[in-house]
Each structure stands twice: as structure tokens, then as C-alpha cells.
Amino acid sequence: MKSGCNPGRIVILNGAPRSGKSSIAEAIQETFDGPWMNLGVDAYMERVMPRRYLPGIGLLPGGELPEIEALVPLFYAALYESVAAHSRLGLNVVADVGHHDAYGEPRHILPDCARRLLGLPVLFVGVRCPVETIMERRNRGQPGREGGYLTGSEAEPVPHQVLAWQREVHRPGIYDLAVDTSMMTPDECAALRKRLEAEPMAPTAFQRLARMASISQPD
């Protein structure tokens, strides 16, 4: 860290695809003081990941692509090290992710990621949303991402992959703050600014999660 430079604040938004994480990240960038760098899963998948390794860190629960799955812990480690580097330079960071451990074998990625941000001001936010709202958003589509999200059908109104995300993404469910985007607008969710400015609870969510990092893979 530069001498005399206070670390930038970090907001990690964790939730299922189409739960509203990206909208909250955009609201933070547009309304919070100072520069907020977005280092989330969408930017990582769209601009950083080689196409032959997609979906990379966006790999869904179920252990369906073991050759990619084995690399996901390394991909996440690199992402979080980048988040840490930005913060140590005094830049604020918001990152939207979808953590789960439902791979072919346990990977313990979240505790390892938490360990990499120890000593930095992190707010870990659970972004929750009922599956009915998520399916409405998936079926409606999103401009610029046509065909990018699995939708429902008459035979399977809620695809099993979507149910898997709902079941796995909030385990173990240790957060500093949780929001429900079916009841709040992105701007209202960005009111978590007040939580950022409040005295941090001790221990924080990431401090608690980092205690589990002893079972993670070494650097």
C-alpha cells in the first residue's frame, strides 16, 4: 500500500444470476463518493476469461465440467487478489459474484477468498431474491444479453439449474448485510452506504469465513 494511503472500501455482492447484483453495483458506481471499480463476475467472464474456459468463475452448481472446475479456485484467487490490490492503492471496489461449493468435490473457495482480503475494509452482502422473481427476469430477457440466460418452459417452468443456484449460493449464509431485491430498487439497495459508514461489527463476515481457510488449497 502506498505510504499514507487509506485502503479503499470493498463491497462483495453474492447472489444467484438475475438476483439484481449488477444493478446494485451500477447504482454504487453512480451514486457513491469517489471512484468505485467494478471487478465482478460479468466483467471477468466477458473481458478476462479465455472463451474456451468459460463460464469460468460463473460455473453453475452441479459438477458438470470437471476440467474447468479444477481451475475455478485459481480464477477466484486471481480475482480477489486483484480486488485486494485495488483496495491497497486506495481505490474502492464493488464485485458481484455467485459463490457456491457444489462442485464435483468441495473446493472451499469462499474461505480462501475471504483470507485474501483480511485487513481490508470489506462488506459482504447477500443479495437474495425469490425464484419467482428471478424467473420473471430470466423470461423477460435483458437487452444486450439475448439468449444469455436459461429461461423456463412449459415442461420445466423453473429449470433445475436455477433451483440449484437458489439452493447453493447462500451457503453458509454468513453476511454482514442481506438485501432482498424483490422488495427494493437498486438505488434503495445502494443505501447500504450507511452500513459502510457505520462502525464495523466484530468479527466481520469475512473474518469469520477466513477462519475456515485452513482447509483451502495453499497459494
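So, let's start with helix α2, residues 41–48, which contains Asp 42. Helices here are DSSP runs of H or I with at least four residues, strands are runs of E with at least two, and both are numbered from the N terminus. UniProt, in an unreviewed entry, puts the feature "active site" at Asp 42. A word of care on that: UniProt positions follow the numbering used here, feature names are shortened, and annotations may be inferred rather than shown by experiment.

Before I go on, this is a predicted model, where local features need pLDDT of at least 70, side-chain atom pairs count only at pLDDT 80 or more, and totals for chains, interfaces and linings use all residues. Residues are numbered from 1 along each chain as its sequence is written, and side-chain values use heavy atoms, with hydrogens and water left out.

Now, please look at strand β4, residues 122–128. Six of its seven residues are buried, so β4 is largely enclosed by the rest of the structure. Buried means under 20% relative accessible area, exposed is over 50%, and partly exposed lies in between, with a 1.4 Å probe and protein chains only.

What does β4 pair with? Strand β1, residues 10–14, runs parallel to β4 and is joined to it by five bridges. Strand β5, residues 177–180, is also parallel to β4, through four bridges. Pairing needs at least two DSSP bridges between the strands. Gly 126 in β4 stands opposite Asn 14 and also opposite Ala 178 in β5.

Last, the cysteines. Cys 113 is buried at 0% relative accessible area, and Cys 129 is buried at 9%. With a disulfide taken as a pair of cysteine sulfur atoms within 2.5 Å, the count is zero.
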